[in-house]
Amino acid sequence: MSQPCIICVAITGSLPRKENNPAVPITVEEQVESTQAAFEAGATIAHCHVRNDDQTPSSDPEKFGRLMEGLKKHCPGMIIQLSTGGRSGAGEARGGMLPLKPDMASLSVGSNNFPNRVYENPPQLVEWLADEMLKYGVKPEIEAFDLSHIHQAVSLSQQGKLKTPLYVQFVMGVKNAMPADKPTFDFYIETLKRLAPDAQWCGAGIGAHQYLLNEWSIAAGGHTRTGLEDNVRLDSDTLAPSNAVLVERTVALCEKYQRPVATWQQAREMLGL
């Protein structure tokens, strides 16, 4: 039997709003309800952001704390992964929720272009976030928006700044960053296996590329991410009715490629949690 596939659901993000899709969960209560349905559909990692009442992104540890409490109650065993992304805050405020000791947190280890801005991840901040994750026992999910980010993550792990085995997510399809290009995707896998043979990896596609990256990742034996943060549609004409429906679509791909969907117990074992 092939390795079970871990499905991560990115439930909210910082950008999608109710105007884009009414199903985007904004309040903590909406996020818990949406995540529970996605968990029951087969997702075992919840990638979490929090929002203000006006839908703008927040890095408020109190909001993260309430979200974690709700997820632990309604999604027992699910891996909770909090975002330290740069749209939600600046500087060390991005890691203000790490003392809550979530299972995981995202960690972007380098800068790159986004559609209309530079996504800044200066080395000093990256190392501070990595140190905080070590301090509080939080496993990082490396967000690789560029090939250099894989090399940087391996370098940080060799310096003892990141616990091994690494968990690296290849993010493709962001405008002005790495496109969804199959030869590049294959080279990412080859490079990670060469530099960190014990690493686990995940593929995430943005917008219309989500389903494509789901299929590439599942077919190649990796893990994958779906959810309304990255993509609010099922196709160009149809809004996704929920995070759960996007997870169900990913589960169907696992069945197509004869990949078992990881239980939360299996996911925790594979990730060393």
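Two strands are said to pair if DSSP finds at least two bridges between them, and in this predicted model His47 stands opposite Gln81 in strand 5. The strands belong to a closed barrel of 8 strands, which runs in the order 1-2-5-6-9-10-11-12 with parallel pairing. Neighbouring strands of this sheet are turned by 25 degrees against each other on average, when direction is ignored.

**Strand 5 and its partners**

- Strand 2, made of residues 45-48, pairs with strand 5, made of residues 79-82, in the parallel sense over 4 bridges.
- Ala46 has Ile80 of strand 5 as its bridge partner, while His47 stands opposite Gln81 of that strand.
- Strand 5 also pairs in the parallel sense with strand 6, residues 104-108, over 2 bridges, and here Gln81 stands opposite Met104.

- Helix 6, residues 210-219, lies across strand 10, strand 11 and strand 12 (223-226), and runs at about 165 degrees to strand 12.

**Helix 4 against helix 5**

- Helix 4, residues 147-158, packs with helix 5 at an angle of about 15 degrees, and their axes are 10 Å apart.
- Because angles under 35 degrees count as roughly parallel, helix 4 and helix 5 are described as roughly parallel to each other.
- The crossing in which helix 4 passes helix 5 is right-handed.
- On the side of helix 4 the contact is made by Leu147, Ile150, His151 and Val154, and on the side of helix 5 by Phe187, Tyr188, Thr191, Leu192, Arg194 and Leu195.
- The residues in this contact of helix 4 with helix 5 divide into 7 nonpolar, 2 polar and 1 charged.

**Ser59 in its loop**

- Ser59 is placed in the loop between strand 4 (57-58) and helix 2 (61-74).
- Ser59 has a relative accessible area of 15%, and therefore counts as buried, the cut-off being under 20%.
- When residues up to four places away in sequence are not counted, Ser59 touches Phe64, Ser88, Gly89 and Ala93.

How values were computed:
Residues are numbered from 1 along each chain as its sequence is written. This is a predicted model: local features need pLDDT of at least 70, side-chain atom pairs count only at pLDDT 80 or more; totals for chains, interfaces and linings use all residues. Side-chain values use heavy atoms; hydrogens and water are left out. Buried means under 20% relative accessible area, exposed over 50%, partly exposed in between (1.4 Å probe, protein chains only). Contact means heavy atoms within 4.5 Å. Axes are lines fitted to C-alpha atoms, for helices over the stretch in contact, and angles run from 0 to 180 degrees between N-to-C directions. Angles under 35 degrees count as roughly parallel, over 145 as roughly antiparallel, 65 to 115 as roughly perpendicular and the rest as oblique. A crossing is left-handed if the near helix is turned anticlockwise from the far one by less than a right angle, and right-handed if clockwise. Ala, Val, Leu, Ile, Met, Phe, Trp, Tyr, Cys and Pro count as nonpolar, Asp, Glu, Lys and Arg as charged, and the others, Gly among them, as polar.
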